[in-house]
Amino acid sequence: MGVSASNKELSTTSIKCGGSFNIKLSLAAEPDIVSNPTDIVLILDRSRSMAGSPLANLKSGAKRFINIIDESTDGTHDGHIGNGSHIGIVSFASNASQDTQLITSVAELNAAVNALTADGLTNHAEAFEKAIQLFDPSSHNARVIVMFTDGVTTIGENPAPVAAAARAQGIIIYCIGLSGNGGIDVQALNDWASDPDSAYVSITPDDEELDKLFEDLARNISKPGATNIVITDTISPCFKITSLSAPTKGTASLLDSNSLLWKIDELGVSKSEGAALEFTVEHIGPCSGTIEVNESIDYDDAEGNAVTFPSPEIMVDCGTDVYPENCPEPVAVDIGGCEDSVEYDAGALGMESLGRILQLSVTLKNVCPNKRVALAVIVTETDSDGIEYSRGMKTMTIPAHSGDSCRDVTVRCIKFVLPEDLDVSGTAEGLCNERHFRARFIANYVDTDFACCDAAL
């Protein structure tokens, strides 16, 4: 069967700046389908959420899978699966159905796929049960289940014990998940699939990728295991490899702080096998936000298996730093010890930030003596529809005056900076746009002779 699955997964989805996490590479391989006849059951999700392009792309992928197995078993695309292998179709929604038995007719298999319609809930347990029933216990063929689903279990029994019973009987289980239709339970798919879990599970958020996933699985199932495997994994320069565990098969070594080499002499040549390699990486450098972990990952083997590893992403939280503009270079100015003032030419200064300064003055009426006033100024900008946008608020304390009666107090030079990138005028004339603002003032005495009941002020 060749390399039937490959995966790259992270131990976490997010880390702090400078944090570490583990990466796991996985492979699975099976013997050749010509010399090792195989019975394959495709379990296809036809629940309501599959309506539209997901179901159309699933049908295309399933038929491509069937046609590739057809050609691989006897060397010709003759509409007949040869050399003792068979394929069966089970579909499911609220209930599961055996749409075909284990047969060799490509036309009948394709017709069963074409007949699928989307409706109902999601019953994974019954789907596994119907698939297991198709296998002949007296047959010596290898047995494979390919489970495709786009959702979590919504009806029926817990599918995990049913899948476990199938694996205990020697049935190999692959899971393909479509995560774009409301989400799937990845852990559940890992629990159902053969070990190592990650090597037998493929997830995509895009239903257009289903055609390729089914094609890759079919092509790899038809090849004779894999020999002389060489994997070179180079991670992003935002990280460095800090430790490397011994793989479950083969040998692994570091090429440098960002690259490793994994070699396996053979995998899946005489029996179904999986292999895994784990290593630890640490975040370095100024990178932050969502980062793609892979720089590159290359695969090669003697059989020419088509193997693609996913490129997972991780969120690196380094806090939020905002630098709206560079800090200006200081100009040194010295005043002699006996000088009261100094004039100094600081040179030419270029405009770096477009914006305007709004300077307001307000007169507070009838402010009584010896009373401080708390003053707040709120500025908004209006667009052509009269909608207001906040542009800032300032609060300040106005000192008390010592006059012999109440008097008006004028507060001058209350400044607001109004950058041009906040302009909502709707025109494109740059710095010359006409802009419209509203100012609101709130004032009250700080000092009063009011006392609430027994409160002491």
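Two strands are taken to pair if DSSP finds at least two bridges between them. In the predicted model described here, strand β3 (residues 20-30) and strand β14 (residues 273-283) run antiparallel and are joined by 10 bridges, with Ser-20 standing opposite Glu-282 in β14. Strand β3 also pairs in the antiparallel sense with strand β1 (residues 2-10), in this case over eight bridges, and Glu-30 in β3 is the bridge partner of Gly-2. Because eight of its 11 residues are buried, β3 is largely enclosed by the rest of the structure.

An open sheet of four strands is found with the order β12-β13-β10-β16, and its pairing is antiparallel. Its edge strands, each of which pairs on one side only, are β12 (251-256) and β16 (294-300), while the twist from one strand to the next averages 15 degrees.

Turning to the helices, α1 and helix α2 (residues 106-114) pack with their axes 9 Å apart, at an angle of about 170 degrees. Since angles over 145 degrees count as roughly antiparallel, the two helices α1 and α2 are therefore assigned to that class. The contact is made on the α1 side by Lys-59, Ala-62, Lys-63, Ile-66, Asn-67 and Asp-70, and on the α2 side by Val-106, Leu-109, Asn-110, Val-113 and Asn-114; the residues of this contact divide into five nonpolar, three polar and three charged.

Two individual positions were examined for their surroundings. Ser-47, found in the loop between β4 (38-45) and α1 (53-74), has a relative accessible area of 1% and is therefore buried. With residues up to four places away in sequence not counted, Ser-47 touches Phe-92, Ala-93, Ala-118, Asp-119, Gly-120, Leu-121, Thr-122 and Asp-150. His-86, by contrast, is partly exposed, with a relative accessible area of 25%, and has its place in strand β5 (residues 86-92). Under the same exclusion of residues up to four places away, the residues touched by His-86 include Thr-38, Asp-39, Ile-40, Leu-102 and Asn-141. Between His-86 and Gln-359, which are 273 residues apart in sequence, the C-alpha to C-alpha separation in space is 83 Å.

The structure holds 15 salt bridges. One of them is formed by Asp-233 with Lys-8, whose closest N and O atoms are 3.0 Å apart; this pair links distant parts of the chain, with Asp-233 in strand β10 and Lys-8 in strand β1, 225 residues apart, and both Asp-233 and Lys-8 are buried. A further salt bridge is formed by Arg-372 with Asp-447, the closest N and O atoms lying 2.7 Å apart. Arg-372 lies in the loop between β18 (355-367) and β19 (373-382) and Asp-447 in the segment after β22 (436-445), so that parts 75 residues apart in sequence are tied together by the pair. Arg-372 counts as partly exposed at 39% relative accessibility, as does Asp-447 at 23%. The side chains of Arg-438 and Glu-388 likewise meet in a salt bridge, at 3.2 Å from N to O; because Arg-438 lies in strand β22 and Glu-388 in strand β20 (residues 388-398), this pair ties together parts that are 50 residues apart in sequence.

Technical notes:
Residues are numbered from 1 along each chain as its sequence is written. This is a predicted model: local features need pLDDT of at least 70, side-chain atom pairs count only at pLDDT 80 or more; totals for chains, interfaces and linings use all residues. Side-chain values use heavy atoms; hydrogens and water are left out. Buried means under 20% relative accessible area, exposed over 50%, partly exposed in between (1.4 Å probe, protein chains only). Contact means heavy atoms within 4.5 Å. Axes are lines fitted to C-alpha atoms, for helices over the stretch in contact, and angles run from 0 to 180 degrees between N-to-C directions. Angles under 35 degrees count as roughly parallel, over 145 as roughly antiparallel, 65 to 115 as roughly perpendicular and the rest as oblique. Ala, Val, Leu, Ile, Met, Phe, Trp, Tyr, Cys and Pro count as nonpolar, Asp, Glu, Lys and Arg as charged, and the others, Gly among them, as polar. A salt bridge is a side-chain nitrogen of Lys or Arg within 4 Å of a carboxyl oxygen of Asp or Glu.
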